[in-house]
Amino acid sequence: MQEEGLTVDYHERTKGSRHLTEHITFWDETLRDGEQMPGVHFTAEEKLAIAEKLSEIGVEVINAGIPVVSAEEAKTVERLAHAGLKAKILAAGRTVPGDVEAIIKSGASQAAIFVAASNVHLRYKLQMTQEQVIQAAQDTVSRAHEAGLFVSFVTEDTTRSDMGFVERLYSAAIDAGADRVVVSDTVGIMTPLTFRWFLREFARVVRPKDWSVHCHNDFGQATANTLTAIEEGVNAPHVCVNGLGERAGNTSLEEVVMSLEILYGVKTGLKTEKLYELSQLVEKLSGVPLPANKALVGYNAFSHEAGIHTHGVLRNSLTYEPLQPETVGRKRRFILGKHTGRAAIVERLKQQGYEATDSQVTRLTELVKLAGEAHGKGDTEQLLEKYHSLFEEPGLKEEEFQQLVKTAGIKARKAPKA
Ligand code: MN
């Protein structure tokens, strides 16, 4: 039904403004940044299940986690590194010698070594000078490089950093053996236009051969900014399944993959028909429900109720759908309700083997509309209540924390601190 494809040629006409690389490597961060989402925790088995699915679909790099976080995390990263997956397993760590030793010990073939680069992070968080940051980056990158790892050098908060410092820091990391460099929009403050400007400046001063971006969705710009980066030649974007991640999350894997495939006509090489399966797995294991209107993988992404839309889609799905649901492993749904029109009723009756006259169809359509209007919210009210109670206090409950304070032998002050 999609023989005509997209009927606009804007994407073709603007091709000259895009500088896409020959091959795009998807670097998945679901198991690291995704897991850092409040309340999310994956067991070793769960990380392995997600990694297997990512690898099967064709994601090339999987950040398994930060081994130095805990003994359990170190074991999990080690397990993924030795699972024999087609995808390359990456482990992350700070520009701290112990972190790098833990990465090397894990058996991961890739390392992502990160440090903050903005003044606000240097002054308040790291309490390090720019020279100290450069030195630490050089030492740790060269250690990982000498150990035979493919090394990515990452800075946090790159988009709020001084470009002169960015130039010196990244150049030092590349000289020390960094194979790939990552620009992070840690607090999601870029827009496609400002990010384009930033990346052009970055490319001019750092001249990266292999680069990546890490975008956050605080203003809902993560996918748009990542696409802008790809248009500027970035070859290994960071993505997370379902857009999981800290605060408002990271760039969604499925959104970037399908934008490239459908809008730009890029063959990503990924098994897109398995994206929904992957999304469902991550929803289940993360415990983070998808919004019904989430692009591509939300319940409503291929659902129609409104009469005009249903009528159009029944004639040709291109009228109100930019891609076939099967492309991402989904099915189209027609919902009966207040907005239902005749076409949906006719179609449904036909499918179910009924024969009806025009006036019967009219009558039934009216009845369906009325029933739709009378239809309550069903169980959603209780569901939402439960949902809010879970997400208002994710993680450990206050009582659990107080119990642990006692277990740690900590006593209350005589008077509460003013
Ligand atoms: Mn992040």
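**Two helices in contact**

Guide: On the side of helix H3, Ala-44, Glu-45, Lys-47, Leu-48 and Ala-51 meet Glu-72, Glu-73, Thr-76, Arg-79 and Leu-80 of helix H4. By class, these residues are four nonpolar, one polar and five charged. This is a predicted model, in which local features need pLDDT of at least 70 and side-chain atom pairs count only at pLDDT 80 or more, while totals for chains, interfaces and linings use all residues. Residues are numbered from 1 along each chain as its sequence is written, and side-chain values use heavy atoms, with hydrogens and water left out.

Visitor: What makes a residue of H3 count as meeting one of H4?

Guide: Contact means heavy atoms within 4.5 Å, so the residues named from H3 and H4 are those that pass this test.

Visitor: How do you know where H3 and H4 run, and at what angle do their axes cross?

Guide: Helices (H or I, at least four residues) and strands (E, at least two) are DSSP runs, numbered from the N terminus. H3 covers residues 44–57 and H4 covers 71–81. Their axes come within 10 Å and cross at roughly 30 degrees; an axis is a line fitted to C-alpha atoms, for helices over the stretch in contact, and the angle runs from 0 to 180 degrees between N-to-C directions.

Visitor: Why is the crossing of H3 and H4 called right-handed?

Guide: A crossing is right-handed if the near helix is turned clockwise from the far one by less than a right angle, and left-handed if anticlockwise. H3 passes H4 in the clockwise sense, so the crossing is right-handed.

**Buried and exposed**

Visitor: Why is Thr-272 called buried?

Guide: Buried means under 20% relative accessible area, exposed over 50%, and partly exposed in between (1.4 Å probe, protein chains only). Thr-272 has 7%, so it is buried. Thr-272 sits in the loop between helix H11 (253–263) and helix H12 (275–286). Leaving out residues up to four places away in sequence, it touches Val-257, Met-258, Glu-261, Thr-327, Val-328 and Gly-329.

Visitor: Which label, buried or exposed, belongs to Arg-207, and which to Leu-296?

Guide: Arg-207 has a relative accessible area of 64%, so it is exposed. Leu-296 has 13%, so it is buried. Arg-207 lies in the loop between helix H9 (192–206) and strand E7 (211–215), and Leu-296 in the loop between H12 and strand E9 (303–304). Arg-207 has a positive phi of about 50 degrees though it is not a glycine; for Leu-296, also not a glycine, phi is positive at about 70 degrees.

Visitor: How do you know what is a cavity and what is a pocket?

Guide: On a 1 Å grid over the protein atoms alone, a cavity is a set of points where a 1.4 Å probe fits but cannot get out, and a pocket is an open set with protein on both sides within 12 Å along at least five of seven lines. The count comes to one cavity of 30 Å³ or more. Residues that line the largest cavity include Tyr-276, Glu-283, Pro-291 and Arg-330, each with an atom within 4 Å of a point.

Visitor: What is in the lining of the largest pocket, by class?

Guide: Nine nonpolar, seven polar and four charged residues. The largest share, seven residues, comes from helix H16; helix H15 (358–374) and H16 (380–392) each supply at least two.

Definitions and conventions:
Nonpolar A, V, L, I, M, F, W, Y, C, P; charged D, E, K, R; others polar. Points joined across faces, edges and corners; volume = space filled by probe spheres on them.
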